[in-house]
Amino acid sequence: MCGIVGYVGEKQAAPILLDGLSKLEYRGYDSAGIAVYNGEEIGMKKSKGRLKVLSELTHDGETMPGTVGIGHTRWATHGEPSDINAHPHFNKNETIVVVHNGIIENYLKLKKKLTGKGYEFISDTDTEVIAHLLDYYYHGNPLQTITKIMHRMEGSYALGIMFKDHPDELYAVRKDSPLIVGESDGGCIIASDVPAVLKYTRDVYFIENEEIVRMTKDSMEFFNVDEEPIEKSAVHIDWDVDAAEKGGYEHFMLKEMYEQPKALTDTFSPRIKDHDIVIEELNMTDEEIRDIRKIMIVACGSAYHAGVTSKYVFEGMARIPVEVDVASEYRYRDPIIEDGTLVVIISQSGETADSLAALRESKARGAKVLGIVNVVGSSIAREADNVMYTWAGPEIAVATTKAYSSQLIAMYLLAMKFAGVRGQITDSQMKEYIEDLKRLPDQVEMLLNNKNRIQKFANRYLAARDVFFIGRGIDYAISMEGSLKLKEISYIHSEAYAAGELKHGTISLIEEGTLVAAVLTQEDLYKKMISNMVEVRTRGAFVLAVTNEGNDEVERAADYVIYIPETNKYFTNSLAIIPLQLFGYYISVGRGCDVDKPRNLAKSVTVE
């Protein structure tokens, strides 16, 4: 979950490295470092803390001259955050330097071997093992050395490597961790993700597993693990550079919340044609859709919550049985995949390690796999049988908002398509659903414009210790996402519960003043939910309700009510989540937390 950048070219490398790392800091931010070859030696600067510490240490790169270099921003996996454990890492003679994103699973075995050969380690990281392993096998040929260590390392890695003996070259290699390369004006650049290179190039190469790149200022060569040259084609990135900047907003998260109306529109508009749903990239015939017997949705974090919502939508609208799995658990339960099973993998980055592992497990068992991803050319997009993009644009804040909302839209479209083909909804119902879908962006914008009221309410609970979210059916799925938004950016303990489960133990945690957020958007569950709200309120809870316009009865059981516009019962998540996103955001701001980069978290989880 770290971010790596590398540059070789005609310009000064350090400022480019620092600029690229600033676009990747969402991937990790407990330490950072850069290494630059200055014509005589490889200079290195590393520091614990945010990237700004390193920028100040190097005077924005001015104190580190040179035109080839590598950089890294870290999310710690091996060894605590410190200057010593920060990347890059040298070999013993400081002639080879490496940055690494991923985990070397057999590093202890390799470390023991190298220690026996006389190598000394100064850090607690698995990455220093790579530096010494490169040194051990190096006899003047970088490419040959890299392929040798690839055969000996187990786990995941994206590497940027410099050799002092080859001062005009930069090497990159990938296995399971994301890596892209691109040619800029007068140079070549490597990075973990697209935002780092948008300023320099729009045409990038996505490095596949066990591929190596050798770059100079005016050339780029690709090799496989057998050192054989391979041909690759560039992918053009259409993202707006400004989309990866704050654009006047105080935080990326706030900006991205306000981009949700556009993200929703961009996701559904190309797929609505003449009152019908047309998903060309699905590449499934109507017969294949009718033959689906079960859908298995696999995801992590917020994407998992989108999957839970989708279960209710698919089963209610298309009448297809759906299982939803946390990706990290999926392959360890020996899943039963029969004929007619469609596996749907949801991931914003398309690089989530657990989700990628689930994809590979599913394909190995013979399942057809559909990827729902936001990043074009990502690993899940390339390895799935088919891919459906969400078109949310770059999302920088660690806590997802617009990518999550776009995932919901993608799943709504898929459910509508399947329901129509399987004859579960009529043409008039399809037309009605489409009209409801088209209204969502304006309704979301209206809710966002109600932020001042939510901010005032949030300010009352800045000192809260515990917050509980409750709901039934789809509303339970909304509660799960609302709870995650609050806890991950404000550090307030928060849990989501199916409202009917309160009486089976959880209600013992309710005491005077405890905030309980109740979501009730499903009309057939109003009475049940109101009963649950009365239960907690009787025991001293302060009840915040999020419900549909016109549900005035809720006011007798709630202390504070936020109303959302009327929509189709399957689409309410897209509206109810907006005030919960704002609530979490303003709680975090009021508590002085780092909204965009919460402690201990990273945006793209590329380790298992």
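Which strand does strand 2 (residues 31–37) pair with, and over how many bridges? The partner is strand 3, and the two run antiparallel over seven bridges. Here two strands count as paired if DSSP finds at least two bridges between them, and the strands (E, at least two residues) and helices (H or I, at least four) are DSSP runs numbered from the N terminus. Within this pair, alanine 32 sits opposite serine 47 of strand 3.

Before going further, a word on the model. It is a predicted one, where local features need pLDDT of at least 70 and side-chain atom pairs count only at pLDDT 80 or more, while totals for chains, interfaces and linings use all residues. Residues are numbered from 1 along each chain as its sequence is written, and side-chain values use heavy atoms, with hydrogens and water left out.

Back to that strand pair, which belongs to an open sheet of eight strands in the order 3-2-4-1-10-9-11-15, with antiparallel pairing. Strand 3 (42–48) and strand 15 (235–236) are the edges, each with a single partner strand, so one side of each has no neighbour in the sheet. Helix 1 (residues 13–22) packs on this sheet and touches strand 1 (3–9), strand 2, strand 4 (68–74) and strand 10 (187–191); contact means heavy atoms within 4.5 Å. The direction of helix 1 makes about 155° with that of strand 2, using axes fitted to C-alpha atoms (for helices, over the stretch in contact) and angles from 0 to 180 degrees between N-to-C directions.

Now for the open sheet of seven strands, ordered 5-6-7-8-12-13-14 and again with antiparallel pairing. Strand 5 (89–90) and strand 14 (229–230) hold the edges; each has a single partner strand, so one side of each is left without a neighbour in the sheet. Two bridges link strand 5 to strand 6, with histidine 89 opposite valine 98 in strand 6. Five residues lie between the strands of this hairpin, and glutamate 94 takes a positive phi near 60° there. On to strand 7: nine bridges join strand 6 to it, antiparallel, and valine 98 has isoleucine 161 as its bridge partner in strand 7. Strand 6 (residues 96–104) is mostly covered, with nine of its nine residues buried; buried means under 20% relative accessible area, exposed over 50%, and partly exposed in between (1.4 Å probe, protein chains only). Strand 7 (residues 155–163) in turn runs antiparallel to strand 8 (residues 170–175) over four bridges, and glycine 160 is partnered by alanine 172 in strand 8.

Zooming out, the chain is divided into domain 1 (3–238), domain 2 (241–425) and domain 3 (449–595), with bounds from an automatic or database domain assignment. The centres of domain 1 and domain 2, taken over C-alpha atoms, are 32 Å apart. Where they meet, 15 residues of domain 1 contact 14 residues of domain 2. About 1200 Å² is buried between domain 1 and domain 2, 58% of it from carbon and sulfur atoms; this is the accessible area (1.4 Å probe) that two parts lose on being put together, summed over both.

What about the inside? The largest nonpolar core has 95 residues, and Ile295, Met317, Phe418 and Leu437 touch the most other members. Such a core is a set of buried Ala, Val, Leu, Ile, Met, Phe, Trp, Tyr and Cys residues joined through side-chain atoms within 4.5 Å. Helix 13 (residues 402–421) supplies the largest share of this core, 13 residues, and at least three residues come from each of domain 2 and domain 3. Leaving aside neighbours within four places in sequence, leucine 437 contacts Phe268, Ile272, Ile409, Tyr412, Leu413, Met416 and Phe571. A second, separate core of 29 residues includes Phe121, Ala131, Leu134 and Ile149.

Strand 19 and strand 20 give a parallel pairing, over four bridges, with glycine 371 opposite valine 387 in strand 20. From strand 20 (residues 386–389), Asn386 and Met388 point one way and Val387 and Tyr389 the other way, and all are buried. In the loop between strand 19 (368–373) and helix 12 (379–383) lies serine 378, which counts as buried at 0% relative accessibility. Not counting residues up to four places away in sequence, serine 378 touches Phe206, Ser349, Gly350, Glu351 and Val373.
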